[in-house]
Amino acid sequence: MRTGLVHVCALWVRVLVVLHVGLLGAPALGCYQCLVDVSTSLRLCWGHWLTQHKVRNVDSCFRTIDRVFNYNQKVIEAGRVGEGYSAQLKTLLEEQILPMVEEFDRKLNDDNVYEERLQRAADRFIADASKLPRVSGCFPPCGFQASGAVYNCVTCQYDSCDLPLDCPVEKLNVMEFSGTRMLCNVPFPLPDNTEVIWRYAPQVETRKVDQFEEVTAGEDRLYSIPTARRWHQGTYQCELYAAQRSVVRLYYFLTVTPQLEVGHTELQELFDLSVLPGGRMTPGPDGSPRSFLLLPPPALLTTCLAAILLLLFLSLGLLYWCSAPLSMHEGDEA
């Protein structure tokens with residue numbers, strides 16, 4: 001008979017809670033309601049006595065619980081623990097509530113006693129719950145980050161980071177015949193046994209999954225191209241997954257610049273500089289004027305000048321030596 005009465009009373013308490021929430025327009029749940037059973041709350045509030053009106057009022061007890069626990073932002077913040085710690089939250093709150101239940105069960109207690117004891121329990125819960133590991137946080141802009149999930153006392157479940165699986169395209173540029181590397185790495189922790197699949201979409205910049213073809217799969221997150229050719233140009237996708245579930249997809253759009261085009265561009269820039277007004281060139285990186293003339297070091301200039309002068313003296317000496325016999329021969333004939 002008593003068991004049936006308890007079930008009826010428990011149902012009545014649930015109705016009261018729903019009506020109370022609907023009238024006030026407050027959140028449907030809270031840390032207390034997430035972690036403490038309704039039957040336990042019924043036993044706790046059975047003897048709530050309104051001192052002013054001299055009447056027992058269970059609904060008033062629930063309003064006190066709402067104010068002290070469910071709508072208390074400090075309690076809600078203390079309950080924002082990392083994934084896997086909600087069970088410890090429940091244990092901490094029960095450690096504060098169950099002794100009161102045993103003490104108050106089927107006994108009348110003044111409303112000010114309930115207020116004082118519930119507030120003391122809430123303060124202890126806040127202090128203890130705040131010591132549990134906090135969430136590590138989310139790392140935008142992409143990826144399924146399980147370690148970033150946080151427990152929400154308003155919804156009684158974990159909130160995910162709510163970020164897209166696909167990352168923005170990162171653009172890379174490499175000259176033809178040069179090497180390049182792409183690393184499939186993320187700033188947030190990854191699950192154990194994470195694997196990677198590399199895919200390639202030739203010649204286009206895209207994130208459409210149906211345009212990619214698988215290149216390699218395994219545990220190697222580094223993809224290397226030792227010698228880039230024109231046919232390597234396109235979008236590369238690396239997908240990290242664990243337990244057959246995708247964690248994140250990264251994209252790299254690789255542009256391969258042909259060597260001939262590079263040489264032509266450099267010559268064009270040099271030509272453009274050479275036809276500036278007045279024959280002047282733009283300053284160099286250090287502010288000094290550019291010049292087409294490559295000036296040799298002073299020692300080399302001195303050596304060249306000495307060689308030229310020596311060559312000049314030898315030429316004059318040879319010229320004098322050749323002209324002297326001719327003058328003597330002309331004198332003899334005279």
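Accessible areas here come from the Shrake-Rupley method with a 1.4 Å probe, and for residues only the protein chains shown count as cover. This is a predicted model, in which local features need pLDDT of at least 70 and side-chain atom pairs count only at pLDDT 80 or more, while totals for chains, interfaces and linings use all residues. Residues are numbered from 1 along each chain as its sequence is written, and side-chain values use heavy atoms, with hydrogens and water left out.

First, the overall picture. The protein chain has 9 helices and 12 strands. Helices (H or I, at least four residues) and strands (E, at least two) are DSSP runs, numbered from the N terminus. Of the 334 residues, 33% count as buried. Buried means under 20% relative accessible area, exposed means over 50%, and partly exposed is in between, with a 1.4 Å probe and protein chains only. A contact means heavy atoms within 4.5 Å. Among contacts in the protein chain with a separation of 6 or more, 68% are between residues 24 or more positions apart.

Next, the disulfides. A disulfide is a covalent bond between the sulfur atoms of two cysteines. The rule used here is a pair of cysteine sulfur atoms within 2.5 Å, and by this rule the count comes to 6 disulfides. Counting bonded cysteines along the chain, the pattern is 1-7, 2-8, 3-4, 5-9, 6-10, 11-12.

I will go through three of them. Cys 34 and Cys 156 form a disulfide with sulfur atoms 1.7 Å apart. The torsion about their S-S bond is about -85°, so this disulfide is left-handed. Cys 34 lies in helix α2 (residues 31-35) and Cys 156 in the loop between β4 (150-152) and β5 (157-159), so the pair ties together parts that are 122 residues apart in sequence. Cys 156 is partly exposed, at 27% relative accessibility.

Cys 138 is joined to Cys 161, S to S 2.1 Å. This link is also left-handed, with -85° about the S-S bond. Cys 138 is in the loop between α7 and β4, and Cys 161 is in the loop between β5 and β6, so parts 23 residues apart in sequence are tied together. Are these two cysteines buried or exposed? Cys 138 counts as partly exposed because its relative accessibility is 38%, and Cys 161 counts as buried because its value is 14%.

In the disulfide of Cys 184 and Cys 238, the sulfur atoms are 2.1 Å apart. With 85° about the S-S bond, this link is right-handed.

Now the salt bridges. A salt bridge is a side-chain nitrogen of Lys or Arg within 4 Å of a carboxyl oxygen of Asp or Glu. How many are there in the whole structure? A search finds 12 salt bridges.

Lys 90 and Glu 94 form one of them, at 3.2 Å from N to O. Both lie in helix α6 (residues 86-104), 4 residues apart, about one turn of the helix. Lys 90 is partly exposed at 28%, and Glu 94 is partly exposed at 25%.

Arg 120 and Glu 116 form another, at 3.0 Å from N to O. These two lie in helix α7 (residues 111-129), 4 residues apart, about one turn of the helix. Arg 120 is partly exposed, with 36% relative accessibility.

Arg 249 forms a salt bridge with Asp 166, and their closest N and O atoms are 2.7 Å apart. This pair links distant parts of the chain, with Arg 249 in strand β12 (residues 245-257) and Asp 166 in strand β6 (residues 166-175), 83 residues apart. Salt bridges that share partners join Asp 166, Arg 199, Glu 239 and Arg 249 into one network.

Last, the surface. Leu 305, Leu 309, Leu 312, Phe 313 and Leu 316 form a nonpolar patch there, with about 500 Å² of accessible area together. Patches are made of residues with over 30% relative accessible area and no salt bridge; like charges are joined within 9 Å, and nonpolar side chains (Val, Leu, Ile, Met, Phe, Trp, Tyr) within 5 Å. Leu 305 is in helix α9 (residues 298-333), and Leu 305 counts as exposed because its relative accessibility is 51%.
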